[in-house]
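Good morning, colleagues. Please look at the model on the screen while I speak about its contacts with DNA and its aromatic rings.

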Protein chains: 2
Amino acid sequence: MAQLSDSIEHFIKELMTEDAHVELRRNELAQHFGCAPSQINYVLATRFSVDHGYIIESRRGGGGYVRIVRMQTRGEPNFLDALLNRVGNSVDEETANAIISNLFERKMITGREAALMRSAVSRNALALPISAKDVLRAAVFRNMLEQVFKNLEEDKRNDV
Amino acid sequence: MAQLSDSIEHFIKELMTEDAHVELRRNELAQHFGCAPSQINYVLATRFSVDHGYIIESRRGGGGYVRIVRMQTRGEPNFLDALLNRVGNSVDEETANAIISNLFERKMITGREAALMRSAVSRNALALPISAKDVLRAAVFRNMLEQVFKNLEEDKRNDV
DNA sequence: TCTATTGACCATCTTTGACTATTATAGCGC
DNA sequence: GCGCTATAATAGTCAAAGATGGTCAATAGA
């Protein structure tokens, strides 16, 4: 039931609860899960991309490693700008979802809000030819991103 | 004799007596009933549609699943259905905003969520000719409405 | 006629394996 | 000891295979 990829993702995130980065051996991890080493790359590519808020560094050869670093962007003044830039005029569903997950992991939005945002940018919602979909998704998504940050500001004012 | 579809419907509802949601494998279920997998989709489409009070989520690929969620909206059994009907294929911004406010007043969504939803269906977000805007807004909005109800179900599960 | 059933074809997500690229180190000739 | 090379130890890439679920039109059945 729990997919191998999901297990590996959880395992890594578990390792990162304390620290913002973790270093591991690709082959060791693969052996631990009894899978092909390239499976690890798949998990990194699909769950720990830059859009998800992670940076991967690695080194081959003897003593090689894979390091996963959670990007420190919370509170950074132009985080919103960075996101808006990333989205630009066109964005695919995968990327949008990755960014939404990232916002959730950073506790900037709730799980409910994340689900709402996903539903607004889903393929289902944007009933148009694919190329137009991406453009429209970007427009809707940018608007929601701005709102997320307004919400945070609003909360801050009310807490104080 | 009970039709296949009826048996499958009954079987699924049996599974849902305890919980308001159930997760299953399409192929397994089909095999269990000795029918084509697409038969399952037929049953879902005809007996577990939104106006029957259910919402379907699914995922393909390894570890794929079909999840069926029963909506038990407090007091008003077909509230979601009513809202979806009201929205239909085209809705203007004012109407959408009114519905959002209504959901907020009923405490079905938070203020933050309301703001997010407004941003997704705003004029700004939908950069298209006006007539197309309404159609698109309806699609985006319908998707978000369903999500609102899923969120409520989810919350209910977690509270218990 | 209306509903139910099937099957062919499509879409998406995961897993693997063969092949490639990089790095450290041991061994060798000097 | 120094520099070079071969080898071992890693990690990366990509395409194919595997594992699911979705759609739709044709057909069968009530």
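Predicted model: local features only at pLDDT ≥ 70, side-chain atom pairs only at ≥ 80, totals over all residues.

A residue is near a molecule or strand if one of its heavy atoms lies within 4 Å of it. DNA strand C is surrounded by 27 residues, and the closest are A:Ser5, A:Tyr42, A:Arg59, B:Ser5 and B:Tyr42. Of the atoms of DNA strand C that come within 4 Å of the protein, 65% belong to sugar and phosphate.

Residues are numbered from 1 along each chain as its sequence is written, chains are lettered from A and ligands numbered from 1 in the order in which they are written, and side-chain values use heavy atoms, without hydrogens and water.

Which atom of A:Gln3 lies 3.1 Å from a phosphate oxygen of DNA strand C? A polar side-chain atom of A:Gln3 does.

I turn now to the rings. Rings of Phe, Tyr and Trp (its six-membered ring) pair if their centres lie within 6.5 Å; planes under 30 degrees apart count as stacked, over 60 as edge-to-face and the rest as tilted. Over all chains, the structure holds four aromatic pairs. In one of them, the ring centres of A:Phe48 and A:Tyr54 are 4.8 Å apart with the planes at 70°, so this pair is edge-to-face. A:Phe48 and A:Tyr54 are both buried (under 20% relative accessible area, with exposed over 50% and partly exposed in between; 1.4 Å probe, protein chains only).

Note on methods:
Polar contact = N/O pair within 3.5 Å; in protein donor to acceptor, adjacent residues only side chain to side chain.
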